Amino acid sequence: MSSPADFERAIARAMAHAPFLRVAIEQQPDLFAELSRGVVPDPAPFDPDLPIGVAMRRARRREALIVAIADLAGSLDLNGVTRRLTAFADRALDAAIRAAILERAPDAEPVGLAAIALGKQGSCELNYSSDIDPILLFDPETLPHRAREEPEEAAVRIGRRVVELLQARDGEGYVLRVDLRLRPSPEVTPIVLPVNAAISYYESQALPWERAAFIRARAAAGDLRLGRHFLDAIRPFVWRRSVDFGAVGEIREITRRIRDHHAHGQAFGPGYDLKRGRGGIREIEFFAQIHQLIHGGRDATVRAPATMDALDALAAAGRIGGEEAETLKAAYVVLRTAEHRLQMVDDRQTHTLPRAQDALDNVGLLAGLGSGASLIAMLKPHVAAVGAIYDSLDPPDTDALSPDDDSLTAQLGAMGFADTETAVQLVERWRGGSYPALRSPAARQALEAVLPGLMAALGQAPDPRAALVQVDTMLSRLPSAINFFRLLEARPQLAQLMATILSHAPPLAEALGRRPALLDGLIDATALAPMGDLPALIAEMGRGEDGDDYQATLDRVRRIVGEKRFALGAQLVAGVSDPLDVSHGYARVAVAAVDVLAAATVADFAVAHGLVPDSELLILALGRLGGGALTHASDLDLIYLFTGDFAAESDGPKPLGAVHYYNRLAQRITAALSVPTAAGPLYDIDTRLRPSGAQGPLVVSLEGFAQYQRADAWTWEHMALTRARAIFGSDAARLAVGAVIGDVLQTPRDRGKIVADAADMRAEMARHKPPAGPLDAKLLPGGLVDLEFAVHVAQLTGNAGFDPDLGLAIAALAERGIISAAMGEAYRLLTRMLVLLRLVAPDSQPPSEATRALIVRVLGAADWDTLVARFDATRQDVAQCWAAVSGGTDEH
């Protein structure tokens with residue numbers, strides 16, 4: 001808290017070193033007296049008894065003195081200073097718009113014209129002597145105008161009057177400098193744009209740098225409803241889900257042009273440009289905006305307009321380092337504060353430290369530092385730190401690949417390609433524009449920029465030739481490769497991970513060939529972190545933009561699920577996650593998708609058909625989804641049930657009987673979960689475990705389900721029921737179905753019949769679904785299927801160990817001596833192998849040497865032969881367990 005003495009010292013420095021402030025003090029003795037007592041007056045309204053222009057000028061002079069003295073006294077921090085300056089600018093701009101409209105139409109409502117604040121006004125960070133950079137928009141349908149005057153003419157005249165009221169100087173000074181050049185094509189467009197034309201421009205023609213400008217956009221004055229409508233309409237233009245590294249490169253190019261154009265202010269010392277110099281304010285802002293453009297389309301939490309808020313959000317989301325954020329924030333405060341001291345001297349919009357020693361000393365004295373040398377010393381470490389952090393955004397320089405075949409062969413050989421002939425052929429194919437995605441000049445330019453780093457990464461891949469061929473396949477399928485190349489150029493480490501994926505994981509390579517944008521999800525380390533919990537995944541999938549319809553929800557969930565599954569696969573290939581954890585992650589992603597899409601489908605279906613009173617839909621998961629451990633290739637085993645009276649009728653405009661209602665609703669949900677959309681496919685859904693299988697209705701009542709399970713279900717259906725769990729429905733409904741399942745499973749059974757039925761079923765399965773290869777951890781004798789059969793028979797005959805999680809069920813059975821405790825470790829090894837091999841050896845055949853090394857590393861084995869021996873021994877143990885439980889031999 002600042003004391004009156006702090007204010008007295010601040011006033012003394014202002015009088016001695018800031019001519020502008022000295023005059024302001026002399027002109028406002030009453031205000032001076034308040035400030036001398038340590039009082040910071042609140043903003044005052046514009047004097048209604050004065051012409052609006054005079055009232056605003058006097059108010060501006062008052063605010064300028066209050067903010068300056070409170071700043072110098074330490075009563076306002078940087079955030080307080082910039083927000084108060086911005087609040088005044090908003091009030092003045094709004095008053096000018098209102099006055100300009102009412103001058104032309106005194107009896108009209110002042111609507112139809114909005115000011116979109118960009119730059120520092122948009123982010124509430126105006127500096128002491130800022131100009132403002134609004135875009136003025138009008139609605140021809142609502143803007144007041146005179147008779148025989150077109151709305152377009154009225155809008156331009158109103159806009160000119162707004163600028164005049166704010167910017168014209170007289171004996172009272174001025175209000176604000178106004179710069180309208182950030183509007184689209186300012187050299188040819190009117191100063192006030194029709195809102196629909198502006199929306200059309202930003203949706204179809206806008207330049208990349210304009211995306212960055214709109215990160216800080218805000219409806220600040222005039223018709224705020226109109227302004228917000230415009231910003232809502234162009235939000236997808238600003239926040240794109242697919243990362244556009246062309247826009248990022250454009251911002252970096254702007255920085256380079258600024259550095260070149262303002263070369264005289266780049267060197268640190270007297271004459272240094274605090275805003276545009278290397279390591280200056282602009283580079284802190286651009287650093288934040290670049291990362292917001294990269295991540296903001298997917299993560300709304302990082303869309304903060306203000307620079308320091310953005311840095312905090314980016315650090316909290318793990319997009320930048322916490323230490324990096326703190327370094328940049330500290331520098332931002334120091335640099336912006338120094339900028340304010342410069343501008344307080346003469347109320348000039350300057351950012352350059354004086355070259356003359358006396359002038360530099362004057363600024364240092366105003367800042368309370370004693371001298372210009374002290375000011376320079378204070379700024380120096382911050383400028384150096386910002387410059388180093390910002391320069392780190394540039395990818396490392398790499399030598400271009402030669403166009404000469406012999407030289408190219410030598411380069412590719414040095415990069416690690418044993419088959420240089422194939423590598424040279426493919427590079428020449430790409431350079432020759434053999435594929436549609438490579439035929440434009442921009443595509444070839446982007447290719448050449450990324451080619452050295454891409455080929456170096458592929459050359460170091462576990463299987464360079466396989467990775468290279470996969471990239472060629474991807475390029476042959478892409479409609480455009482420019483953004484793909486720019487992404488890899490901007491994130492060289494991503495090329496290395498991609499090369500590893502392409503070397504090892506055919507399913508991921510195929511997915512990447514269909515959707516190269518999947519790489520976007522790997523641009524930061526969070527993609528390789530453990531998958532979030534179920535509530536977080538549901539919240540992420542359910543979080544759409546305002547106005548999203550049902551189709552948008554289907555597309556959004558497909559995009560997110562695709563990205564999550566790809567990231568989980570990448571974790572396996574990168575060797576950073578336990579396959580068991582990945583399998584649980586796959587399951588949580590699937591359950592979240594079911595929850596979000598089922599809820600959305602129920603709501604959409606209810607629009608036409610309403611709801612069935614005192615009734616609801618329940619979804620049971622069975623199989624691997626029920627057990628919470630999926631693979632990349634798993635389908636979803638579901639049973640649909642409904643509660644309440646089967647004879648009831650829905651209450652919507654088109655009512656349906658309950659049975660018909662829920663069967664149609666379940667068909668819609670199955671389609672929502674399975675039918676490909678523009679965003680890609682989702683899951684294969686298997687509902688054959690429902691009562692009566694494919695011959696029965698898709699949905700039955702909970703009462704009917706209970707009756708069927710107690711009286712008519714086959715042994716294999718009760719085996720399947722041991723892994724059933726409700727994944728959609730109210731808590732009460734889940735408890736009800738859980739009670740039914742528990743009651744059915746606890747029913748005493750004929751052991752001989754259970755064993756005989758299970759043995760017959762396993763033999764039938766072996767005949768119709770033989771193992772795919774020598775590494776089929778699921779279907780080989782002693783594989784996961786045999787283990788599952790052994791566990792389920794033990795559960796049903798022992799009336800114990802009922803848990804959908806197979807690992808927990810085995811532990812419970814082992815504790816009671818019903819099954820060998822060794823089966824727990826067998827389950828973990830077989831599941832790990834299944835999850836990993838579904839990605840890296842989906843045909844269950846022995847993979848390449850490079851992929852064998854990956855499998856050995858992920859599974860913690862000494863070598864491949866040791867792993868295979870362990871696999872064989874485990875299967876032998878499982879086969880013996882199955883034989884012991886089923887009373888047969890360990891052969892099928």
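The protein contains 37 helices and 10 strands. The model described here is a predicted one. Of the 892 residues in the protein, 55% are buried.

Helix α25 covers residues 550–574, which makes 25 residues. From its first C-alpha to its last, α25 reaches 36 Å, close to the 36 Å expected at 1.5 Å a residue. This helix is mostly covered, with 20 of its 25 residues buried. Both ends of α25 have a feature to look for. At the start, a side-chain oxygen of D549 comes to within 3.3 Å of the backbone nitrogen of Q551. After the helix comes G575, and the phi of G575 is positive, near 70 degrees.

Helix α7 (residues 151–167) has 17 residues. Its end C-alpha atoms are 24 Å apart, which agrees with the 24 Å that the helix should span at 1.5 Å a residue. The buried residues of α7 are P151, A154, A155, V156, I158, G159, V162, V163, L165 and L166. Their packing partners include both helices and strands: the buried residues of α7 pack against α4, α5, β1 (113–118), β2 (131–138), β3 (177–178) and β4 (192–194).

In total, the model has 4 cavities of 30 Å³ or more. The largest cavity has a volume of about 170 Å³. It is lined by 16 residues, and those closest to its centre are R60, L85, F88, Y128 and L176. Helices α4 (52–72) and α5 (78–104) each supply at least two residues of this lining. By class, the lining of the largest cavity divides into 10 nonpolar, 3 polar and 3 charged residues.

The second largest cavity has a volume of about 60 Å³. Its lining is formed by R624, A629, T631, R723, L784, E788, L806, Y827, T831, L834 and V835. Two or more of these residues come from each of α33 (784–798) and α35 (822–840). The largest share, 4 residues, belongs to α35. The lining of the second largest cavity has 6 nonpolar, 2 polar and 3 charged residues.

A310 sits in helix α13 (residues 307–316). Its relative accessibility is 0%, so A310 counts as buried. Leaving aside neighbours within four places in sequence, A310 is in contact with A288, Q292 and A304. The C-alpha atoms of A310 and Q289 lie 8.1 Å apart in space, while the two residues are 21 residues apart in sequence.

R762 belongs to helix α32 (residues 751–768). This arginine is buried because its relative accessible area is 2%, and buried means under 20%. R762 and R857 are 95 residues apart along the chain, and their C-alpha atoms are separated by 33 Å.

Buried residues are found in loops as well. T643 lies in the loop between β7 (636–642) and α28 (658–674). With a relative accessible area of 15%, T643 is buried. When residues up to four places away in sequence are not counted, T643 touches D614, S615, E616, L618, L702 and A733.

C124 is in the loop between α6 (119–122) and β2. Its phi is near 60 degrees, a positive value in a residue other than glycine. C124 is buried, with a relative accessible area of 17%. D347 is located in the loop between α14 (322–346) and α15 (357–366). Although D347 is not a glycine, it has a positive phi of about 55 degrees. The relative accessible area of D347 is 9%, so this residue is buried too.

Key:
Residues numbered from 1 in each chain as written. Predicted model: local features only at pLDDT ≥ 70, side-chain atom pairs only at ≥ 80, totals over all residues. Heavy atoms only, no water. 1 Å grid on protein atoms, 1.4 Å probe; cavity = no way out; pocket = protein on both sides within 12 Å on 5 of 7 lines; lining within 4 Å. Points joined across faces, edges and corners; volume = space filled by probe spheres on them. Nonpolar A, V, L, I, M, F, W, Y, C, P; charged D, E, K, R; others polar. Expected span 1.5 Å × (residues − 1). Buried < 20%, exposed > 50% of the residue type's maximum accessible area, 1.4 Å probe, protein only. Polar contact = N/O pair within 3.5 Å; in protein donor to acceptor, adjacent residues only side chain to side chain. Contact = heavy atoms within 4.5 Å.
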